[in-house]
Structures are given as structure tokens and as C-alpha cells.
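Student: I've got the model open and I'd like to go through the wording. Can you walk me through what the terms rest on?
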Amino acid sequence: MSTSLFGKRVLLGISAGIAAYKSAHLARLLKKTGCEVRVVLTEGAQAFITPLTLQALTGEPVRTSLLDPEAEAGMGHIELAKWADVVLIAPATADLMARLAHGHADDLLTTLCLATEARCIMAPAMNQAMWRHPATLANAERLESFGWTLLGPDAGDQACGDVGPGRMLEPEDIHARLAATLASLSKPLSHVDRGRSSVARESIDNRDLAGKRVVITAGPTREALDPVRYLSNHSSGKMGYALAAACAARGARVTLVSGPVSLETPAAVERIDVVSAEEMLDAVESALPCDCFIGCAAVADYRSAEVSPQKLKKGNDDADLTLRLTRNPDIVATVAARADRPFTVGFAAETQSLEAHAADKLARKRLDMIVANDVTLAGAGFGSDDNAVTLFWPGEAATQRESLSLQSKQALAEILVDRIAARLA
Ligand code: C5P
């Protein structure tokens, strides 16, 4: 099952919240993953973000009014409602939620929502007291009973200075959850299905890792040669961080052992920063035992046999410099060899013979699953926001496999965590 958003027709509705500025980034993310995006702004939203910004980002005219003869002469509102595979409203204000919960059709966006048979998803955003008001909570319930899926809201600092629930989820999170929600619901929800929305709720409130301990390594390691130089690689850490975020969102207690990267720690994740492979192994061992270990770090296989206490100097002649390297511990294999071994997942970044190398590592390191990717593939792997991978796991007769198409690392992390959670249960 692929959660690729590629080719999905997304009608992005934006209402009048301060979070509307983030919707420009959301539109970009959707476009980047191959969605066709058409934007509808409510009247109030235009005080926060301009139609021109969204038009430039999507390459499509932006609709703002139901009663615009010129726009209706193109794709009319009913055609637009039929065109969409998904209606995604971000941000959805308390007022818009109230109007939708009561079947209003008093502007273009509410009319489209009433007319469409597409999957309807919203990311609420409002002040914490407004979100906690019984009227809003009742509207949220009512919307879910009509088949709406609510993503968030998140809790934390608010633009108004309050702290609490009501923040719109970050665009990356909305994008990943949209992909995961669509993946878990293979067919669009029709009016006939509306009212049976528990499945939608399950897909966003999935806490299937509650009570599980997950340890994840991410990023590169740096192996010092002298006080100023080191051996390392191009790993950005994005895949490991996306996995940590996905596991934490599903209720796991996550320890992220991270090499040097410039990424923010995902919410509710404990992060231990390390530099070298030996430090990474120490930190991992201090975090064990756990239920699942995911070795996503690009650990340097070798380190300098002697770390010079002073900066290495060029000789006066033109002679080459020879460095003697020594093997680093294999962290994932060390974890998999323990008597109390967790479910152990490795990664394999390959430039050739992907399957053969992955199958070899799966067996040699005694892994339960390996996630292999071809790092020569354009737009995927090291440093990129996207990835395409093949999963391998031991089968009864032969190695089993599943290929996952090019998509954001967040969306991919959701699927990988699905596969892991199914085996941890
Ligand atoms: O052997 P290779 O480096 O390709 O294996 C990749 C997998 O092994 C990854 O899961 C990586 O995190 C892990 N690894 C490790 N310790 C090492 C080398 C690799 O945990 N020293």
C-alpha cells in the first residue's frame, strides 16, 4: 500500500487564522509531492495571505468568491467540488468549523464542502479557550460524525500569547498525516458512508505504540583525526528524525541518539547528542533495553587508529600522508546480538546491487528488517527531503520485500512505523 500523494487533486481551503501564513508552505509541500493543488481563500483569510502568493506557488488561479461570474465561467464551484480527491482546510477557524458543522453554504469554501464527495480533512487553529469551548468541541465531534478527519490541533505557545491546545500542526506534519490518512482509507468517503467516521479518527489518533520504548540513531558520526579535522559523511538525519517524530506521535517513548545535525528535536522525544560511533554505541547501550531499535544513523565504519593531540602538519617534502584506520563497532549488530534484543531495524544506503547487499546485511547483522535505498537516485536519500526505499525482512523460505515509492521522509516514516508496529504488537 503506497501513501504517495502523487497525482492527488487537493483543494486547499484557507480560512482567517494567523496560521494562514504557514499554508503557503503547505501548498508547496503538496506541489512537491506531485499533487495538483487549487486554493480557495475565505474573505477573512485574505487579510492574512494574498491570493497572489498562493497563485504563484500553485500555478493556478485562486478562488475567493462564490459570486464571481468570471471565475464561475471557468471551473464553476460544483465542478471544483467534483474535481477534488481531497478537500484540505488549513487553518480551519472556530467559525468555519461551526458553519461547516451546521451545513452552511454561505461562501465559496462552505458551499464546496457541502457539494463535494471528496475526502474532507481539516487542521483546526484557534485560541486555546476557543478550542476548549464546549461549542467548538461539539462542532468537532459533529464534523467527525459527518466524515471529516481532524488533524490536530497541536498544543503549545500561541500567537496571542496563550499556551494550550489550538495551534495548527506544522505544514510538514499536516502533509505527513494527510498521506497517512489517505493511505489508511483506500477509497474516498461518499455521502452514504458519512456518519461512520470512526475509521478516520483511528487513523489520526493512532496510539498503537503506547507503552513501547523505541531507540533510534540518526545523522552521521564524526571521527576525529586531530583537534580540527574529522572523517564523516553527508547524512542529514532527516529520516531518523522523521521516524522519531512518527513513533512519538503514536505514543512510544522515544530516545533519539543523534550525530551532529542541524534539526530540531521532534516533540516529546528525548534526544542524546553524540559525535563519534563509540559515543553513539555508549549512548544506545545506556538507553537499552527497549522494544524496538532503529539504526538509521550513517555510522562511520572506520575511525583513525590514532587521534593526533595536535593539528597534523604537512611535511616539508611532497610525500603522501598515510592514515591508519581502525574498525568502529557495528552498533545495530551489537544491539541485535544482545540476549534481550529488541525488534531491530537497520538501514542500508547503497550505490549498487541494492537487493544483494541489503539481504546480506539483514542476515549478517541479524536484523528483523532492513530499509534499503539507492543513494544514487535523483531527489532521494542523503540530504534530500524525499526518499524511495525497499524493505526487506526474513521470510520462511526467502527474503520478503516491499518497495515504497518516492515520497517525503515524513510520509515514508509513517509507513515504516506502520510496518514496525504491526510486527511489535
Ligand atoms: O554496513 P552498513 O553501514 O551499510 O549498514 C548500515 C546499517 O548498519 C545502518 O542501520 C547503520 O545505522 C548500521 N551501522 C551501525 N554501526 C556501524 C555501521 C553501520 O549501527 N558501525
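This is a predicted model: local features need pLDDT of at least 70, side-chain atom pairs count only at pLDDT 80 or more; totals for chains, interfaces and linings use all residues.

Student: Why is A115 called partly exposed?

Tutor: Buried means under 20% relative accessible area and exposed means over 50%, with partly exposed in between (1.4 Å probe, protein chains only). A115 has 30%, so it counts as partly exposed.

Student: What is A115 in contact with, leaving aside its neighbours within four places in sequence?

Tutor: I78 and A81; contact means heavy atoms within 4.5 Å.

Student: And how far apart are A115 and A176?

Tutor: They are 61 residues apart in sequence and 26 Å apart in space, C-alpha to C-alpha.

Student: On to the sheets. What makes β1 and β3 a pair?

Tutor: Two strands pair if DSSP finds at least two bridges between them. Strand β1 (residues 9–14) and strand β3 (residues 86–92) have 4 bridges, in the parallel sense. V10 stands opposite V86 in β3.

Student: Which strands go into that open sheet, and in what order?

Tutor: The order of its 5 strands is β2-β1-β3-β4-β5, with parallel pairing. β2 (36–41) and β5 (149–150) each have a single partner strand, so they stand at the edges, with one side of each left without a neighbour in the sheet.

Student: What about the sheet of 8 strands?

Tutor: That open sheet runs β12-β11-β8-β13-β16-β17-β18-β19, and the pairing is mixed. Here β12 (269–273) and β19 (400–408) are the edge strands, because each has a single partner strand.

Student: How do you know that β18 and β19 pair?

Tutor: DSSP gives 7 bridges between β18 (residues 386–393) and β19, in the antiparallel sense. In β19, the bridge partner of N387 is Q407.

Student: Last one: is L323 buried, partly exposed or exposed?

Tutor: Its relative accessibility is 38%, so L323 counts as partly exposed. L323 lies in the loop between β14 (302–304) and β15 (325–327).

How values were computed. Residues are numbered from 1 along each chain as its sequence is written. Side-chain values use heavy atoms; hydrogens and water are left out. Helices (H or I, at least four residues) and strands (E, at least two) are DSSP runs, numbered from the N terminus.
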